[in-house]
Amino acid sequence: MLDRSKFQTGIDGKPVDLYILRNSRGMVVAITNLGAKIEQILVPDRKGVLGDVALGYDSIEAVRNGQSSMGAFIGRYANRIAGGKFSLDGNTYQLAINNGPNSLHGGHKGSRFVVFDARQIDQSTVEMRYVFRDGEEHYPGNLATIIGYKVTEENELVLSWHAVSDRRTIANFTGHTFFNLRGHASGDILDHIITINADHFTPIDANLIPTGEIRPVAGTPLDLTQPNAIGARIDADDLQIKLAGGYDHNYVLNKPRLGETTLAARVVDPASGRMLEVSTTEPGMQFFSGNTLEGKHPRDIGKDGAVYRYRNAFCLEPQHFPDSPNHPNFPSTIVDPEKPKVGKIIYKFSIA
């Protein structure tokens, strides 16, 4: 268990803490309200032994020096926007450029870096609030956002959001936990077995921006419709794999209806027997194979001094497609004042 006292401080004039969620079966999730970041997830293996399956940090200082996306709730806009530019209602908005030529994960101070107002509802639920201000990171509209984390008796962690804007804007939310089902300090995840419920993906260019095409996965190394080891084709002689340095692609989830909660992916660790199933309301899911973990100090030094190295984790990030405001054929990320933006991700842990 993490030491809560190592997370208790003040940042930007607001209190920061660590919130511990649990159920009666032993599952424990620890979340800090700095970036609404998940720092620990304890779930049992096939022998009933609890293990920590989320990469993270064991103090607020380490969080601030660490990978900014690790464990975070991502907003106001998850993923990339090409050139940091989009148009809405005749106005063009120029966002911060913080990822090559792109704007990534809400800009220089997206939700990864802000302190949420947090309130623990009960032993299994915490609610966090933040208002993205009109003009903040150059986005239009005051976007009042409430997110909830809840641990259920079915060993699920449910992340939900409800956001209301006072004018037309865009928004795209996701969770960015780095998982290793064998344990956060257990080395690479290449033998984890993954299945993704998607027959199509959005191909990328050299800047990792979607070209606008929606392409079948069939016949490509991105076809994960049947169980495959993550490492089986991660270095394939394929342009899409080479552009991303492995997997860092948006999958178009198979959905009967937009907004319906459906299974997005399933991952099994053969060694521990742990299985993670991710379900979501969102139309897409970014699958990332931990290609930016480098073992750098202090950025990649995690709990108990663990060194997080290349491909030591994977991320499953349900969301809208990257660069959606610049692709009219993608599902819209526009938020209208009279229609709240709501969504949900369910991470369910069990034994395969």
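Predicted model: local features only at pLDDT ≥ 70, side-chain atom pairs only at ≥ 80, totals over all residues.

Reader: Good to know. Which residue does Arg 299 form a salt bridge with?

Author: Its partner is Glu 294, and the closest N and O atoms are 3.1 Å apart. Glu 294 is partly exposed too, at a relative accessible area of 45%. The pair belongs to one network, in which salt bridges with shared partners join Glu 294, Lys 296, Arg 299 and Asp 300.

Reader: Nice. How many salt bridges turn up in the whole structure?

Author: A search of the whole structure gives 20 salt bridges. In general, side chains of opposite charge can pair when their charged atoms come close.

Reader: Which residue does Arg 311 pair with in a salt bridge?

Author: That would be Asp 235, with 3.2 Å between the closest N and O atoms. This pair links distant parts of the chain, 76 residues apart. Arg 311 sits in the loop between strand S25 (284-288) and strand S26 (315-319), while Asp 235 sits in the loop between strand S21 (228-229) and helix H2 (239-244).

Reader: And is Arg 311 buried or exposed?

Author: Arg 311 counts as buried because its relative accessibility is 4%, and the cut-off for buried is under 20%. Asp 235, on the other hand, is exposed, with a relative accessible area of 58%.

Reader: One more of these: what does the side chain of Arg 129 meet in a salt bridge?

Author: It meets the side chain of Glu 127, at 3.0 Å from N to O. Arg 129 counts as partly exposed, at 41% relative accessibility.

Reader: Let's switch to sheets. In what order do the strands come in the sheet that has S25 and S26?

Author: The order is S20-S19-S22-S25-S26, an open sheet of five strands with antiparallel pairing. Strand S20 (215-216) and S26 stand at the edges with a single partner strand each, so one side of each is left without a neighbour in the sheet.

Reader: How many bridges pair S25 with S26?

Author: Five bridges, in the antiparallel sense. Within that pairing, Met 285 stands opposite Pro 318 in S26.

Reader: What about the open sheet of four strands, what is its order?

Author: That one runs S3-S4-S5-S6, with antiparallel pairing. Its edges are strand S3 (18-22) and strand S6 (50-52), and each has a single partner strand, so one side of each has no neighbour in the sheet. On average, neighbouring strands here are turned by 15° against each other, direction ignored.

Reader: And how do S3 and S4 run relative to each other?

Author: They run antiparallel, and five bridges join S3 to strand S4 (residues 28-32). Arg 22 stands opposite Val 28 in S4.

Reader: Last topic, a tryptophan. Where is Trp 161?

Author: Trp 161 is in strand S15 (residues 156-165). With a relative accessible area of 3%, Trp 161 is buried.

Reader: What is Trp 161 in contact with, leaving aside its neighbours within four places in sequence?

Author: Its contacts include Phe 73, Phe 173 and Glu 282, along with Ile 146 and Ile 147. Trp 161 is also in contact with Lys 341, Val 342, Gly 343, Lys 344 and Ile 345. As for Ile 146, it lies 15 residues from Trp 161 along the chain, and their C-alpha atoms are separated by 5.6 Å.

Conventions. Residues numbered from 1 in each chain as written. Heavy atoms only, no water. Salt bridge = Lys/Arg side-chain N within 4 Å of Asp/Glu carboxyl O. Buried < 20%, exposed > 50% of the residue type's maximum accessible area, 1.4 Å probe, protein only. Helix = DSSP H or I, 4+ residues; strand = E, 2+ residues; numbered from the N terminus. Contact = heavy atoms within 4.5 Å. Pairing = 2+ DSSP bridges. Axes fitted to C-alpha atoms, helices over the stretch in contact; angles between N-to-C directions.
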